[in-house]
Amino acid sequence: MHFDENKPLDVVLNDLFDHYRAHVSDVNKITDALLAKGVIGSQEDIVNDHIAFRTLGVPHLGIKSFEKIFLAFGYEKRDYYYFEGKKLDAYWFSPPQEGYPRIFVSELRVQDLSSKAQEIIHKYTSSIVEDPVDAINLENGQEVADFLQKPLWDLPTSTDYQALLAESEYAAWVIYNRYYLNHYTISIHELKDGYNTLEEFNSFLTSIGVKLNNSGGVIKTSDDGLLRQSSTVSALYKALFADGQELEIAGSYVEFAERSILPEFTHLAKSEIGVKHRRDGFETNNADKIFESTYTTQIKGA
Ligand code: OOG
Ligand code: NI
């Protein structure tokens, strides 16, 4: 994906993607293999279904604060999702116009964690007493892009990180990785024949040595059968902690989504099919498993 840079949103999406691509080696690995096979002519030919962010449900750092950025860019807040076991809430946001990705934002229900985990999180976040986004000019794309790369709290110690990890993999991920882009998502149905079903695309990924999340099965399918998703498993990265310790921790991953044509539009010719004719939104049971793309159980599992 690449945008024209004439709007703040374009600048932000380009910058997020540049950082993400520089860190997550599977992004270039997949793009390069698609180029080599002639599936795409350039990275810009890839349609980005959605991007995702993670937040902490404490004052000034949760969805209510984070969403201000994308609401200002014309995104619309859509459905709510609840993940009981993982102690998460989430919403998705639809883009201001076609061609821009949907956004999925989740938030840790910090109040549902043990008092020890809550204490650790508050140790890092309690000095934040107003919404950090309020301090930035949302009309200046570069300022927003820089904000999304900027630490809002101190680097954690390795002991705090590990204590959180033992209770909530998501909490540990956010305390270290903050608002970094969690994944971008390749729209599989937009690719050419031979690659535009998730089965075909996943066998291509396997053939180039990309490891896929297999929690609940490699392909996650919505109840209506129309939204199917797969994702890579995050690589491990050497991370330096505030106490000077180094640990290998999870970063970001890549997702793949196949949105089928809604039953009321299946009579349309292929050339007439657009975004609005396909299954929109997300699915709790799919998402629940996709979160595990950064979990130790997936990274260390076979
Ligand atoms: C988000 C997981 C859910 C989807 O498309 O359902 C998701 C995350 O890992 O933060 O991306
Ligand atoms: Ni996703």
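Modeller: Ground rules: it's a predicted model, where local features need pLDDT of at least 70 and side-chain atom pairs count only at pLDDT 80 or more, while totals for chains, interfaces and linings use all residues. Residues are numbered from 1 along each chain as its sequence is written, chains are lettered from A and ligands numbered from 1 in the order in which they are written, and side-chain values use heavy atoms, with hydrogens and water left out.

Colleague: What pLDDT does the protein average?

Modeller: The average is 97, and 99% of the residues score at least 70; pLDDT is the predictor's confidence in each residue, from 0 to 100. For the complex, the predictor gives an ipTM of 0.99 and a pTM of 0.97.

Colleague: Why is Asp 160 called buried?

Modeller: Buried means under 20% relative accessible area (exposed is over 50%, partly exposed in between; 1.4 Å probe, protein chains only). Asp 160 has 10%, so it counts as buried. The residue is found in helix H6, residues 158-167; helices are DSSP runs of H or I with at least four residues, strands are runs of E with at least two, and both are numbered from the N terminus.

Colleague: What makes the pairing of Asp 160 with Lys 123 a polar contact?

Modeller: The cut-off is a pair of N or O atoms within 3.5 Å; within protein, one must be able to donate a hydrogen and the other to accept it, and residues adjacent in sequence count only if both atoms are side-chain atoms. The side chains of Asp 160 and Lys 123 come in at 2.6 Å, and the side chain of Asp 160 also makes a polar contact with that of Tyr 124, at 2.5 Å. Leaving out residues up to four places away in sequence, Asp 160 touches Ile 120, Lys 123 and Tyr 124, where contact means heavy atoms within 4.5 Å.

Colleague: Which residues coordinate the nickel ion (ligand 2)?

Modeller: His 50 (NE2), His 183 (NE2) and Glu 255 (OE), at 1.9 to 2.2 Å. Donors are N, O and S atoms within 2.8 Å of the metal (3.2 Å for Na, K and Ca), so these three pass; water is not among the atoms, so sites may look incomplete. The spacing of the donor residues in sequence is H-x132-H-x71-E. His 50 in strand E1 (residues 48-56) and His 183 in strand E5 are 133 residues apart, linking distant parts of the chain. Both His 50 and His 183 are buried.

Colleague: How do you know that E2 and E3 pair?

Modeller: Two strands pair if DSSP finds at least two bridges between them. E2 and E3 (residues 88-94) have six, in the antiparallel sense, so they qualify. Tyr 81 stands opposite Ala 90 in E3, and the bridge partner of Tyr 82 is Asp 89. In their hairpin, with four residues between the strands, Lys 87 takes a positive phi near 60°. E3 also pairs antiparallel with E4 (residues 102-108), over six bridges.

Colleague: Why is E3 described as largely enclosed?

Modeller: Because six of its seven residues are buried.

Colleague: What makes E2 an edge strand?

Modeller: The open sheet has eight strands, ordered E2-E3-E4-E1-E5-E10-E7-E6, with mixed pairing. E2 (76-83) and E6 (220-221) each have a single partner strand, so one side of each is left without a neighbour in the sheet.
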